[in-house]
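Have a look at the sequence and the fold before reading on.

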There are 2 protein chains.
Amino acid sequence: MNEEKHPAVVLLSGGLDSATALAEAKIAGFALHALTVSYGQRHAVEIEAARRVARSMGAVRHVEQVIDLRAFGGSALTSDLEIPKDRPAVMMAAGIPITYVPARNTVFLSLALAWAETLGAFDIFIGVNCVDYSGYPDCRPEYLEAFEAMANLATRAGVEGRGKFRIHAPLIRLSKDQIILRGLELGVDYGLTHSCYDPVPDGRACGRCDSCQIRRAAFERLGRTDPVAYA
Amino acid sequence: MNEEKHPAVVLLSGGLDSATALAEAKIAGFALHALTVSYGQRHAVEIEAARRVARSMGAVRHVEQVIDLRAFGGSALTSDLEIPKDRPAVMMAAGIPITYVPARNTVFLSLALAWAETLGAFDIFIGVNCVDYSGYPDCRPEYLEAFEAMANLATRAGVEGRGKFRIHAPLIRLSKDQIILRGLELGVDYGLTHSCYDPVPDGRACGRCDSCQIRRAAFERLGRTDPVAYA
């Protein structure tokens, strides 16, 4: 019955958050168009995870785009800076982390907008949240609202009044614990996802970067087993 | 003395307008960081033009990004739709042309923003104008203002108050004639540029698509010779 569903574009990194956002788009009744953007990051293993997740959720289409943000330099995820390991939670929460990628969500949402307009879709999902990652400016509600306003001026569909673009950020006010609980409720298989900033050569998560630590701590607090393999 | 200049990122397609915008950024005293985005368009010959123009203007750096917007489908410039030829001016001015690429300027400006933030630049130049291309929603001043507002919320630099991003669109209210006159005044060599939507196999401009027609007519009205070779 996918013909009757409205399409939505869902940004899917392959991590825990975006897998949960995809599940939210599915339960909301959209035909899922998953978009994975590879930006020259070290953790290309995420893209494999994105493929698995898209397949498991019954995505109608999964498009992968590659952009070389390394050409611009400037972030631990796109250059050769050392990924911080074993940082205490208080340090992870302080300020903008060096893993911040300049304008990343803006680039991702712009590509999602291009696809959405082509599809005749007005709904874009992104798995950002401002609780565990308060340091990223492009994860805040006021940023997403500004993007939405811009999107409605940027597009033929917006100008011709055929609809109004909406950026859905269903996780934005959830803690990692709440995201995981919600995902489990929606049937997300977190064993398919990948969150690590710095996987070991065989693809397993390092267990020590900020992302791994936040994820593991949340599963522990919930008394659940994280199905992902750690080095 | 480039060390003393503030950097600016300039979107450079290789066409007449963006070459003129680059000249405006140069005369304004910026260290030029030219960004060319290839989006799977047919006129890849534009990229060669962009390289020539960047070199001739003394750009400090020229980065080329490739994005496959064809993966999303939907425009004459990125798929196999027929490029309109020999259209009368009244038709070119009516509505949004089929050569419209969904969210193109948003994708371009987002990449420019990513580079600008990495550089510590706050100035982005784009050669859009809303006189000859009124049909493109993402060429209008209200769109550019919305992008600017979004950019200042999207970025670490914006959030930390280190500066305010500004989208410069120096051509936005100029006609094609005025753009050419200004460019000639600034020393732009229009023989290095390329405007055609559908060049013939040897790379020469077709002379008949909307873009060629608008350009040729402007040079004619000005009584100047268009230095570009037409088929």
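At roughly what angle do the axes of helix α4 of chain A and α4(B) cross, and within what distance do they come? The two axes cross at roughly 170 degrees and come within 9 Å. That makes α4(A) roughly antiparallel to α4(B), because angles over 145 degrees count as roughly antiparallel.

A word on ground rules: this is a predicted model, where local features need pLDDT of at least 70, side-chain atom pairs count only at pLDDT 80 or more, and totals for chains, interfaces and linings use all residues. Residues are numbered from 1 along each chain as its sequence is written, while chains are lettered from A and ligands numbered from 1 in the order in which they are written.

Here are the two helix pairs; axes are lines fitted to C-alpha atoms over the stretch in contact, with angles from 0 to 180 degrees between N-to-C directions.

| Helix pair | Angle | Axis distance |
|---|---|---|
| α4(A) and α4(B) | roughly 170 degrees | within 9 Å |
| α1(B) and α7(B) | about 45 degrees | 9 Å |

Helices here are DSSP runs (H or I) of at least four residues, and strands (E) of at least two, numbered from the N terminus. Residues are in contact if their C-beta atoms, placed from the backbone, lie within 7 Å.

**Between the chains.** The contact takes 36 residues from chain B and 36 residues from chain A. On the chain B side, α4(B) gives the most, with nine residues. By class, that side has 23 nonpolar, eight polar and five charged residues. Nonpolar means Ala, Val, Leu, Ile, Met, Phe, Trp, Tyr, Cys and Pro; charged means Asp, Glu, Lys and Arg; the others, Gly among them, are polar. The contact of α4(A) with α4(B) has eight nonpolar, four polar and no charged residues.

**Inside chain B.** Helices α1(B) (residues 16-27) and α7(B) (residues 176-185) pack at about 45 degrees. The contact is made by B:Leu16, B:Asp17, B:Ala19, B:Thr20 and B:Ala23 of α1(B) and B:Ile179, B:Arg182 and B:Gly183 of α7(B). Those residues divide into four nonpolar, two polar and two charged.

**Chain A overall.** Chain A has eight helices and five strands. Of its 231 residues, 54% count as buried, meaning that 20 or more other C-beta atoms, placed from the backbone, lie within 10 Å of a residue's own. Among contacts in chain A between residues at least 6 apart in sequence, 72% join residues at least 24 apart.

Methods. Contact = placed C-beta atoms within 7 Å. Buried ≥ 20, exposed ≤ 12 C-beta atoms within 10 Å, placed from the backbone. Parallel < 35°, antiparallel > 145°, perpendicular 65-115°, else oblique.
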